[in-house]
Amino acid sequence: MTSKEILATREWREIFETLPVLQKFFGGDPAAHGLNGLLEGCTSYLEKLLAHADEGKPFVWYNLGFNSELIYALGGVHPVTIELLGALHSILGNQRNTLDFIDGAQAVGIPADCCSADKIAIGAIHKGLYPAPACTVGINTPCDAQVLSTQVMQELAGVPFFAVDVPYYHNEETVRHVAGQLRELIPFLEQHTGRRMDYDRLREVCEISNGTTEAIWEWLEWRKQVPLTQSSKLVAFTLLLQILFTGSPEGLKIARALLREARERTERKEKFFEERVRAVWYQDAVWTDLQIYDWFERELGLTVPVDIFGYYANEGLIDTATPETMLYGLARKLVNCHPMARQFRGDMDMYIRDFMHLLEAWKADCCIFAGHIACKHAWGGIGLFKEACRRAEVPLLVFEFDMFDPRVTPYEDVYFEVERFVNEIVYPRKLREGKA
Amino acid sequence: MPEAILREVRALIRGQTNRHVDSWKAAGRPVVGYFCSYVPREILLAAGALPFRLRGAGSEDSSRGDAYLSGRVCTYVRHVMSLALEGAYDFLDGEVSTNTCDHVRRSADVFVKKTAIPFHGFLSVPRTPRESLYGYYLGELKKLVDGLDRHFGVKIGADRLRDAIRMFNGVRARLHTINRMRLEDKPRLSGAEALAVHIASQVVPPTVFTELADRLIEALQGRAGLDSARGRLVLVGAELDEPEYVEALESQGALVVADQLCFGARSALDPIDAETADPLDAIGRAYFFMASCARMIGDFPRRWEQLKAMVRAARADGVVFERIIFCDPWGAELHNILQRVKKENAFPVLSLTREYNVVPTGQVKTRVQAFVEKIEIARAQRQAACGGER
């Protein structure tokens with residue numbers, strides 16, 4: 001598949017047409033480093049993808065639970081996460097394409113009750129939109145949906161497949177188990193891409209990855225500021241960053257742009273909006289319309305300083321001393337830091353513990369459990385989560401929606417739920433307690 | 001008469017417990033429940049406990065389970081959880097959960113935090129049956145052995161494991177015999193009857209089952225075969241422990257002559273070598289590399305070949321795929337089966353999405369009826385093309 005063939009498809013062409021428009025739009029705000037950085041990063045990544053296709057170099061596909069450092073370290077191999085196109089269309093506002101992928105996946109047998117994050121991947125693969133891979137890598141985190149998408153990816157790609165298993169437990173043995181599989185993955189990647197792992201290059205990639213992580217940590221620190229001095233909608237981008245760009249110069253650039261914006265706005269004491277209520281948005285971002293967060297800010301004074309996709313746990317950086325320490329560090333990043341993989345696997349304790357930490361550290365007043373309908377692991381823990389919130393006396397809103405499909409729950413309904421919660425529950429409570 | 005024995009089987013699986021479990025308990029012996037077929041029953045038996053497969057049988061209302069698990073989790077798990085929260089499983093001395101899927105995984109949280117069951121074991125079963133991951137599974141089994149040893153004050157040694165293997169090999173041998181009787185041109189028992197027998201093998205002591213199965217097999221020898229002329233089906237899919245469901249499918253004229261169900265034929269496994277030096281390893285290998293569940297990533301090509309071989313061996317006319325709503329792993333399986341069927345022009349497939357504890361009514365029966373008619377028409381066309389031979 002050449003760049004000409006890629007750009008001949010409507011789905012790719014519209015991405016390349018939309019990006020400059022948005023860059024121009026956000027470029028009007030010289031302080032919007034975060035969004036501008038993200039758009040520039042996406043553009044650079046996609047341009048590399050096109051160049052790579054023209055050079056006939058190999059691609060490796062993977063699902064959203066995996067990180068791309070090892071693939072970058074092979075040199076001359078381009079990672080492609082299979083959710084890429086659907087997610088980009090959703091974020092860039094080309095909702096029609098995302099919905100086409102969802103409907104397309106259902107038309108070929110993916111049950112309607114399965115996750116739309118899988119469907120956007122499968123729909124795009126069925127349309128033949130991604131350059132053919134040399135091999136594929138699947139990981140079972142963060143949830144059963146990945147068990148679905150990886151098995152379908154394997155079947156449709158028809159090339160060698162490697163599965164990474166992440167156990168249930170949050171312990172040292174889990175990290176070592178995954179590190180062992182990454183060691184096993186290297187010869188697999190070498191064999192099927194025809195490239196050799198260069199450990200000096202891996203060190204460089206890990207250092208870039210560490211730089212990205214440090215920038216994210218610092219950025220998240222700035223987001224603890226009361227009132228919040230930057231847009232709520234930016235927070236979920238940590239996940240995108242880690243899935244698409246980790247280990248790449250684009251990733252580092254985006255993370256630093258987010259950090260710069262947070263620092264500058266805070267130092268200027270910019271009052272971005274009138275903050276009345278701060279919420280931890282637990283579970284899934286409204287990818288179908290990130291502008292809804294602007295609406296919350298403007299109309300309700302509701303800010304989201306942190307969410308589960310944005311939180312990147314501080315479990316240490318990758319030690320780049322030896323190949324072994326790097327594989328260990330990458331494994332730890334995959335299972336203990338990667339948003340969702342950290343909280344969604346294993347028992348509910350980590351899920352609840354992280355929430356309580358976010359609530360306290362980011363000084364939130366309440367929790368909004370935005371329940372993507374296909375997140376069975378989260379819905380399966382809702383009873384225990386509600387009990388934990390009740391014990392901690394945390395106001396909790398629970399509602400159902402689909403993070404990629406607005407036909408499930410319209411924006412108006414989401415807004416209605418959130419508005420009622422903020423205006424009738426949380427803000428009056430703050431007033432009563434003299435915290436407003 | 002096999003009918004009387006089959007009624008006895010039905011009585012054993014009708015509710016949450018049965019008289020043999022009661023007798024086992026009355027003798028002061030523990031009962032340990034388990035969710036998933038990746039939990040080796042031999043280990044539980046070697047600990048002196050009766051392995052008891054958790055089911056939602058007899059549950060009329062999942063609301064207690066729903067309160068913890070929501071309405072977005074599979075109804076099988078919600079019914080089991082409801083029963084547990086109502087106290088119906090209070091007779092259990094322990095339970096062993098797994099990371100089979102998100103649904104079972106979350107029920108494990110509730111089991112631990114909200115029931116009075118005194119022992120909780122857990123197996124993190126690797127998500128792909130690769131040799132390099134087998135060591136992790138074996139390690140998990142060793143931890144389970146240690147946990148059972150400590151809790152029940154026993155020592156699960158090689159001899160106890162060998163005895164347990166022999167016991168369950170006896171169960172397996174009977175199940176294999178029964179499954180062979182299903183493959184005959186005129187099967188000796190229906191798919192619903194066979195499923196009931198398989199379920200019984202998972203909720204009564206193995207010695208009780210082998211005695212029961214021997215009587216049944218002998219009685220079946222004298223039974224006139226059932227008419228499978230309208231259609232021979234293979235049933236494949238997720239958790240199904242409701243013979244009534246299979247009965248409803250078969251009421252439309254076709255017979256389920258083979259299955260790849262977790263509660264059905266897949267639970268039987270091949271015989272395990274009891275005389276080996278390391279029986280725990282033999283058990284581990286048998287379970288880890290058995291015909292896999294759809295939760296096993298990367299193993300679909302093997303499952304597909306096994307399904308095709310089963311269809312051939314059963315001389316089946318079509319495959320019925322059933323899945324409980326909200327199940328992702330079996331959702332992938334459905335997609336992949338449909339892809340292969342199309343690519344290889346393999347066999348007709350009917351896909352049914354269902355809820356636990358809901359017997360098919362008109363709509364499902366109509367679909368099955370139409371599927372059976374489609375099979376009949378295709379067969380008639382083939383026969384016409386081949387000069388009348390089946």
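In which helix of chain A does A:Leu202 lie? A:Leu202 belongs to helix H10, residues 199-222 of chain A. Please bear in mind that this is a predicted model.

- A:Leu202 has a relative accessible area of 0%, so it is buried.
- Setting aside neighbours within four places in sequence, A:Leu202 is in contact with A:Glu69, A:Leu70, A:Ala73, A:Met197, A:Met326 and A:Leu330.
- A:Thr320 is 118 residues away from A:Leu202 in sequence, yet their C-alpha atoms are 8.6 Å apart.
- In chain B, B:Cys262 sits in the loop between strand S6 (255-260) and helix H12 (279-288).
- B:Cys262 counts as buried because its relative accessibility is 6%, and the cut-off for buried is under 20%.
- Not counting residues up to four places away in sequence, B:Cys262 touches B:Ser37, B:Arg53, B:Gln202, B:Glu239 and B:Ser267.
- B:Cys262 and B:Ile272 are 10 residues apart along the chain, with 18 Å between their C-alpha atoms.

- The size of an interface is often given as the accessible area lost when the parts come together.
- For chain A and chain B, the area buried between them is about 4200 Å², and 53% of it is on carbon and sulfur atoms.
- Contacts link 51 residues of chain A with 52 residues of chain B.
- Nine salt bridges are found across the interface of chain A and chain B.
- B:Arg127 and A:Asp144 form a salt bridge, with their closest N and O atoms 3.0 Å apart.

**Salt bridges within the chains**

- Over all chains, the count of salt bridges comes to 76.
- In chain A, the side chains of A:Arg278 and A:Glu275 meet in a salt bridge at 3.1 Å, N to O.
- A:Arg278 is buried, with a relative accessible area of 2%, and A:Glu275 also counts as buried, at 18%.
- In chain B, the side chains of B:Arg303 and B:Glu333 meet in a salt bridge at 2.7 Å, N to O.
- This pair links distant parts of the chain: B:Arg303 is in helix H13 (residues 300-313) of chain B and B:Glu333 is in helix H14 of chain B, 30 residues apart.
- Both B:Arg303 and B:Glu333 are buried.
- Back in chain A, salt bridges with shared partners join A:Asp29, A:Arg260, A:Glu261, A:Glu264, A:Arg265, A:Arg268 and A:Glu270 into one network.

**Helix H6 of chain B**

- H6(B) is mostly covered, with 10 of its 13 residues buried.
- Among the buried residues of H6(B) are B:His103, B:Val104, B:Val110 and B:Phe111.
- A salt bridge joins B:Asp102 to B:Arg105, with the closest N and O atoms 2.7 Å apart.
- B:Asp102 and B:Arg105 are three residues apart in helix H6 of chain B, so about one helical turn separates them.
- Both B:Asp102 and B:Arg105 are buried.

**A strand pair in chain B**

- Strands S7 (residues 318-324) and S8 (residues 349-354) of chain B pair in the parallel sense over six bridges.
- Between S7(B) and S8(B) the chain passes through helix H14 (residues 328-344) of chain B, and this β-α-β crossover is right-handed.
- B:Glu322 stands opposite B:Leu352 in S8(B).

**Backbone details in chain A**

- Most residues other than glycine have a negative phi, and most peptide bonds are trans.
- The peptide bond from A:Thr141 to A:Pro142 is cis, with omega near 5 degrees.
- A:Pro142 is in the loop between strand S3 (135-139) and helix H8 (144-157) of chain A.
- Another cis peptide bond joins A:Val226 and A:Pro227, with omega about -10 degrees.
- A:Gln283 is not a glycine, but its phi is positive, at about 90 degrees.
- A:Gln283 lies in strand S5 (residues 277-283) of chain A and is buried, with a relative accessible area of 0%.
- A:Lys363 has a positive phi near 50 degrees, and at 45% relative accessibility it counts as partly exposed.

Definitions and conventions:
Residues numbered from 1 in each chain as written. Chains lettered and ligands numbered in written order. Predicted model: local features only at pLDDT ≥ 70, side-chain atom pairs only at ≥ 80, totals over all residues. Heavy atoms only, no water. Buried < 20%, exposed > 50% of the residue type's maximum accessible area, 1.4 Å probe, protein only. Helix = DSSP H or I, 4+ residues; strand = E, 2+ residues; numbered from the N terminus. Pairing = 2+ DSSP bridges. Right-handed = clockwise from strand over helix to strand, strands pointing away. Contact = heavy atoms within 4.5 Å. Buried area = accessible area lost by both parts, 1.4 Å probe. Salt bridge = Lys/Arg side-chain N within 4 Å of Asp/Glu carboxyl O.
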